[in-house]
Amino acid sequence: MADRDDSKRINAVRMDVSRRAFLKGSLATSGGLVLGGGTGLVSGLANAAPAGFPNYTYIGTAFNKVNLRYNPTGELIFPCIRGTIGRVANPLARYYLYYAPHDAPGGICLAYGDHLYGQFTEYAYNPIFSRTWPGGPPDISHVSSPHVLWNSRVNKFYLYFHGENTVTRVATSTDGIHFTYQGGCVSTRFFTDGSVTETSYARVFEHDIPSKGSHYVMVFMGNQNGRRRIFWGWSKTGDAQSWTIQQTPLISPAADGETDISGPHVVFRNGTAYVIYHGGSGRMYITEVGLNFDKELHLGVFHTPLGGWPDNGRAAAPSFGTENGEEYMFYEAGHRLNATIAVAKVLW
């Protein structure tokens with residue numbers, strides 16, 4: 001029932017943010033959006049978060065999932081927000097929001113809107129990519145966890161997704177809606193010792209590492225010996241489809257007091273790189289990995305979920321964007337089998 005008031009709540013927080021100029025530094029990803037971060041607050045004022053990141057306050061959901069035409073399982077995960085201006089001729093709106101159900105049959109979905117604070121409209125022909133495609137494997141139960149990269153080297157959208165959880169796959173598009181499958185790019189077979197049984201929830205970013213001659217980095221969840229950790233890889237090719245994977249975890253959960261972590265997102269700030277991810281407790285954490293991805297400096301809790309609706313103690317899989325200098329975080333809110341897509345905002 002709370003979804004009915006989301007649009008009112010979102011519009012209500014369109015406040016004067018002149019003090020945002022005091023935010024130190026900026027964040028950027030290959031998606032072309034400026035990023036922010038922080039811990040969620042029940043009150044309206046933001047305080048300093050680890051590494052000088054701002055805090056975010058929940059303002060509403062991106063849409064009322066009860067009203068969606070395509071919602072086969074009642075649970076939506078892994079939002080990815082991307083801008084279209086300067087990339088797409090005659091886009092549906094200024095912003096495209098990608099998301100998916102997780103359980104079978106899954107399906108990569110799209111919603112669109114002209115403002116990050118407003119309600120998004122479901123694309124009429126969801127899913128835009130389903131578990132079956134021409135020439136595809138016949139036995140995939142689901143596809144999910146969409147991450148869309150605007151690849152500036154080739155001027156195309158790259159959609160990374162998993163299906164099954166053992167394979168991360170990629171498809172490409174010129175309009176951000178109609179994608180052509182290119183193949184699997186990372187799988188459990190990349191790990192030579194056989195200890196990793198899942199390679200999923202991947203996000204990819206343009207980032208040069210001169211020592212490796214690479215132009216892109218990928219962070220993803222790997223299930224290693226029954227525990228979920230964050231792994232990473234790099235790509236030297238302009239098409240970001242061929243990958244080398246580090247055999248050992250980039251981030252392990254013990255230093256955060258967790259047993260499992262997932263949903264990583266890379267942010268760049270203060271001349272270094274961080275990974276933001278969530279743990280089994282429902283909290284998000286932040287770890288500095290450095291520009292060469294050779295560090296593991298755990299900095300603590302990045303975002304604390306709301307105890308009530310919609311988080312119900314769990315916030316996960318963040319994606320960040322800015323509009324007119326105002327910073328937003330889209331995230332997966334709620335328990336694993338009943339999640340929706342929520343929006344939080346930096347309030348100064």
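Mentor: Both Trp232 and Trp234 are buried, a term that stands for under 20% relative accessible area, with exposed for over 50% and partly exposed in between (1.4 Å probe, protein chains only). The model is predicted, so local features need pLDDT of at least 70 and side-chain atom pairs count only at pLDDT 80 or more, whereas totals for chains, interfaces and linings use all residues. Residues are numbered from 1 along each chain as its sequence is written, and side-chain values use heavy atoms, leaving out hydrogens and water.

The aromatic pairs number 24; rings of Phe, Tyr and Trp (its six-membered ring) pair if their centres lie within 6.5 Å, and planes under 30 degrees apart count as stacked, over 60 as edge-to-face and the rest as tilted. One of these pairs joins Tyr98 and Phe179 edge-to-face, with 6.5 Å from centre to centre and 80° between the planes. Tyr98 belongs to strand β5 (residues 95–100), while Phe179 lies in the loop between β10 (167–173) and β11 (180–187), so this pair links distant parts of the chain, 81 residues apart. Strands here are DSSP runs (E, at least two residues) numbered from the N terminus. Tyr98 and Phe179 are both buried. Trp232 and Trp234 make a pair of the tilted kind, their centres 4.9 Å apart and their planes at 45°.

Some rings gather in a group: Phe53, Tyr56, Tyr274, Phe302 and Phe320 form one aromatic cluster. A charged residue accompanies one of its members, as Arg269 lies over the face of Phe53, 4.9 Å from the ring centre. Such a placement requires NZ of Lys or CZ of Arg within 6 Å of the ring centre and within 35 degrees of the ring normal. Elsewhere, the charged end of Arg203 sits over the ring of Phe78, at 4.1 Å from its centre.

Gly52 occupies the loop between β2 (34–35) and β3 (57–61), and its relative accessible area of 43% makes Gly52 partly exposed.

Finally, an open sheet places four strands in the order β16-β17-β18-β19, with antiparallel pairing. β16 (261–269) and β19 (297–303) stand at its edges, each with a single partner strand, so one side of each lacks a neighbour in the sheet. Strands count as paired if DSSP finds at least two bridges between them; β18 (residues 284–288) and β19 are joined by five, in the antiparallel sense. Met284 faces His303 of β19 across this pairing.
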